[in-house]
Amino acid sequence: MTRMKVSVLALALGALAGGSIAAHAADKAVPQKSDAMSKAATQTADAAKPAPAHKVSTETVDAYIKATFGKAPEDWQKRIVPDETMQACNKYRNEVPSDVADAIMQREIKKVVFPADGKLLGNWKEGAKIANNGRGGQFSDKPETVHGGNCYACHQMAKSEVSFGTLGPSLTHYGKDRNYTEAEIKQAYTKIYNSQAVVPCSNMPRFGTNGFLSEQQIKDVMAFLFDPESPVNKE
């Protein structure tokens, strides 16, 4: 019995000693890799990184675009030359400085022409057709091709439409949500006519300033957005 007790005590003391040694070993700092190993690891990590993109000069891009449209009609040749606003947007992309943004809006608002009769709303049924029409504006189109706004390419409008883009925000209940106020109607007309006058470097075309849609077409699209009877506000 005595020998058994001594053996158990010895085992207990050994366990305690072992635990202390293990704890002491754990407290020691982990040996660092050699300089050669660290350098090799760094080189491997650097090799895994993608190569930086080659920056192409603006002149090269302009020359390529002009060559691409080399056989287009003369009026199309003029369209590919960016104006002052587009030059600024191309330069700053999505990080337009506030002073440049202000300059763009001040410059573009001067190009907005409101209807002489003071009426900003036309026929919403015609506006629905324009919003769904993506034809016109290509040099392969016949001259008599009616231009469309192609609004559904970027926006949801009437909820009954099953196909629409998401580049722009949903416009469902557009007029209803804005209480059909005159100020909101004028703001919307301004944006459709010249989006840059409202949102600097907007992706939205300058339909009126660039003469892509006629005054009456813009009025009709406006009615599609604001007429209480329009499916945009009914559904």
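The secondary structure comes to eleven helices and zero strands, where helices (H or I, at least four residues) and strands (E, at least two) are DSSP runs numbered from the N terminus. This is a predicted model, in which local features need pLDDT of at least 70 and side-chain atom pairs count only at pLDDT 80 or more, while totals for chains, interfaces and linings use all residues. Residues are numbered from 1 along each chain as its sequence is written, and side-chain values use heavy atoms, with hydrogens and water left out.

Now the chain as a whole. Of its 235 residues, 27% count as buried (under 20% relative accessible area; exposed is over 50%, partly exposed in between, with a 1.4 Å probe and protein chains only). Among contacts (heavy atoms within 4.5 Å) between residues at least 6 apart in sequence, 57% join residues at least 24 apart.

The axes of α7 (residues 124–132) and α10 (residues 215–226) come within 7 Å and cross at roughly 100°. Axes here are lines fitted to C-alpha atoms, for helices over the stretch in contact, with angles from 0 to 180 degrees between N-to-C directions. The two helices are therefore roughly perpendicular to each other, the class for 65 to 115 degrees. On the α7 side the residues include W124 and I130, and those they meet in α10 include V221 and F224.

Last, V56. It sits in the loop between α2 (35–48) and α3 (58–68), and is partly exposed, with a relative accessible area of 47%.

Methods: Parallel < 35°, antiparallel > 145°, perpendicular 65-115°, else oblique.
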